[in-house]
Amino acid sequence: MRISVIGCGYLGAVHAACMAKLGHDVVGIDVDPRKISELQSGRAPFFEPGLPELLDEVLATGRLKFSADMADAKGAEVHFLCVGTPQRKGEYAADMRYVDGAFSSLLDSLEPGNVVVGKSTVPVGTAARLADDLAERHPDAVLAWNPEFLREGFAVKDTLSPDRFVYGVPAGAAGERATAVLDEVYSTPLSLGTRRLTSDYATAELVKAAANSFLATKISFINAMAEVCEVTGADVTLLADAIGMDERIGRKFLNAGVGFGGGCLPKDIRAFMARAGELGADQALTFLREVDDINVRRRTRTVELTRTLVGGSLLGKRIAVLGAAFKPDSDDVRDSPALSIAAQLQLQGADVTVTDPEAIEGARRRFPELMYEADLMQAIHKADALLLLTEWQEYRNLAPEAATLAVHTRNILDGRNVLDPARWRAAGWNYKGIGRP
Ligand code: UDX
């Protein structure tokens with residue numbers, strides 16, 4: 001099929017490359033010419049494992065092109081909307097200007113019978129509103145809402161073989177046509193067993209908001225348990241293992257630590273609360289405020305733990321922060337717990353050096369006042385405390401004996417509970433985990 005993908009960020013760039021991999025003819029469109037020229041020459045504008053190789057492979061087939069001109073969407077039968085919906089400045093609500101802008105400029109390139117497919121995470125009600133606009137300009141075009149559930153770091157795999165497809169479509173013949181077209185787009189993963197559900201627009205939009213709210217709730221639940229463990233001397237990692245053995249609960253997303261960040265979970269739960277408020281259903285989601293508060297409290301708590309670890313005062317203490325990205329295998333520093341903690345420590349008088357295998361450039365743009373060092377051993381040189389805040393494999397593998405030779409004082413705060421406390425303590429380290437004795 002001939003496909004256009006509007007917006008070439010994390011979602012769109014991966015989607016465009018994966019659609020070409022599935023055999024379609026794809027044009028990826030973005031307003032940022034720098035991004036377009038990088039993608040066109042096979043370079044991903046962000047770190048995502050497997051994406052550069054995939055870009056090389058599909059660009060060589062000639063099935064994938066990139067353009068900064070929306071007019072190049074003309075000729076495609078299916079148009080995927082993949083632009084961002086960040087949090088509005090000073091508010092909880094999502095900023096819809098990119099979705100609205102991309103949609104209205106796409107209207108000029110549509111041809112009779114086209115299918116427009118929204119993938120961005122939007123407030124419930126958006127699809128119905130856009131469908132009305134579409135019907136006015138192009139009565140025989142149809143809109144579907146097909147939310148994306150990809151995780152950064154696994155984006156290629158999650159796009160090529162997702163857990164499920166959700167199609168939000170209108171009732172009647174138009175909905176059936178949109179469903180048939182999407183089935184053709186995704187025929188390969190569908191034939192390999194990916195499940196597919198069709199629904200109305202509102203349900204499809206809510207599936208995404210509900211999924212991210214549930215994941216955030218799981219993480220904050222275990223972090224709340226970590227707080228209780230800390231005052232009782234219990235161990236949250238064993239607790240998570242034990243409750244996770246109940247299949248109804250499951251062990252995934254029960255890792256206590258410095259909490260969740262990134263471009264999705266924090267802003268999506270806030271946008272969901274804001275939207276529920278507009279709809280008069282704010283009480284239904286007040287628990288998400290608590291989820292958010294527990295998550296933010298992890299960051300201040302980590303600063304306090306660090307202060308205790310270095311003897312009660314942060315002033316002039318050399319702190320090495322291991323990890324800047326919001327999670328490993330990503331260079332994304334949006335709302336990163338690691339960076340937020342590093343910045344708070346620095347503000348309180350510590351001398352902070354941040355290291356990360358991929359995210360230093362992005363981190364420096366966001367927090368230029370922090371010090372950055374790409375080399376792990378240099379970063380921990382003469383440190384009074386190490387803080388492991390993003391669990392890159394390199395940091396999980398760090399040997400306490402090697403670290404001993406570099407640091408000034410053997411203090412380590414394991415903000416993701418991924419190190420072996422017995423091993424670090426045996427090497428003479430003062431080890432502190434999150435919610436562990
Ligand atoms: C998330 C959803 O998983 C994905 O389905 C959705 O499409 C977008 O949002 P992503 O933001 O890539 O994906 O990251 P995810 O792997 O979900 O991790 C989110 C945050 O939670 C990270 O900061 C991670 O470190 C943290 N986390 C995750 C925990 O603190 N504990 C856990 O047990 C799991």
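Contact here means heavy atoms within 4.5 Å. Helices (H or I, at least four residues) and strands (E, at least two) are DSSP runs, numbered from the N terminus. This is a predicted model, in which local features need pLDDT of at least 70 and side-chain atom pairs count only at pLDDT 80 or more, while totals for chains, interfaces and linings use all residues. Residues are numbered from 1 along each chain as its sequence is written, and side-chain values use heavy atoms, with hydrogens and water left out.

**Figure 1. The whole protein chain, before we zoom in.**
Let us start with the overall picture. The protein chain has 18 helices and 14 strands. Its C-alpha atoms fill a box of roughly 70 × 50 × 40 Å along the principal axes. The radius of gyration, taken over C-alpha atoms, is compared with a globule rule of 2.2 Å times the number of residues to the power 0.38. For 437 residues a compact globule would have a value near 22 Å, and the protein chain, at 23 Å, agrees with that. Of the 437 residues, 54% count as buried; buried means under 20% relative accessible area, exposed means over 50%, and partly exposed is in between (1.4 Å probe, protein chains only). Among contacts between residues at least 6 apart in sequence, 71% join residues at least 24 apart.

**Figure 2. Helix α13 and its surroundings.**
The buried residues are Pro337, Ala338, Leu339, Ser340, Ile341, Ala342, Ala343 and Leu345. What do the buried residues of α13 pack against? Their partners are the helices α12 (286–309) and α14 (360–366), together with the strands β9 (318–322), β10 (351–355), β11 (371–372) and β12 (385–388). After α13 comes Gly349, whose phi is positive, near 100°.

**Figure 3. Ile341, a residue inside helix α13.**
Now look at one residue of α13, Ile341. Is Ile341 buried or exposed? Its relative accessibility is 0%, so Ile341 counts as buried. Leaving out residues up to four places away in sequence, Ile341 touches Val258, Arg299, Thr302, Val303, Leu387 and Leu389. For one of these, Thr302, the C-alpha atom is 7.2 Å from that of Ile341, although the two residues are 39 apart along the chain.

Asp335 is found in the loop between β9 and α13. Asp335 is not a glycine, yet its phi is positive, about 45°. With a relative accessibility of 27%, Asp335 counts as partly exposed. Phe253 belongs to another loop, the one between α10 (236–244) and α11 (265–278). Phe253 is not a glycine either, and has a positive phi of about 65°. Its relative accessibility is 36%, so Phe253 counts as partly exposed.

Thr126 is part of helix α5, which covers residues 126–137. Thr126 has a relative accessibility of 4%, so Thr126 counts as buried. A polar atom of its side chain lies 2.6 Å from the backbone oxygen of Pro123. Apart from residues up to four places away in sequence, Thr126 touches Met96 and Glu205. His138 sits in the loop between α5 and β6 (142–145). At 14% relative accessibility, His138 counts as buried. Setting aside neighbours within four places in sequence, His138 is in contact with Leu107 and Leu110.

Gly175 is in helix α7 (residues 173–185). At 3% relative accessibility, Gly175 counts as buried. Beyond its neighbours within four places in sequence, Gly175 is in contact with Val169 and Pro170. How many Å separate Gly175 and Gly193 in space? They are 22 Å apart, C-alpha to C-alpha, and 18 residues apart in sequence. Gly280 lies in the loop between α11 and α12. Its relative accessibility is 65%, so Gly280 counts as exposed.

Conventions:
Polar contact = N/O pair within 3.5 Å; in protein donor to acceptor, adjacent residues only side chain to side chain.
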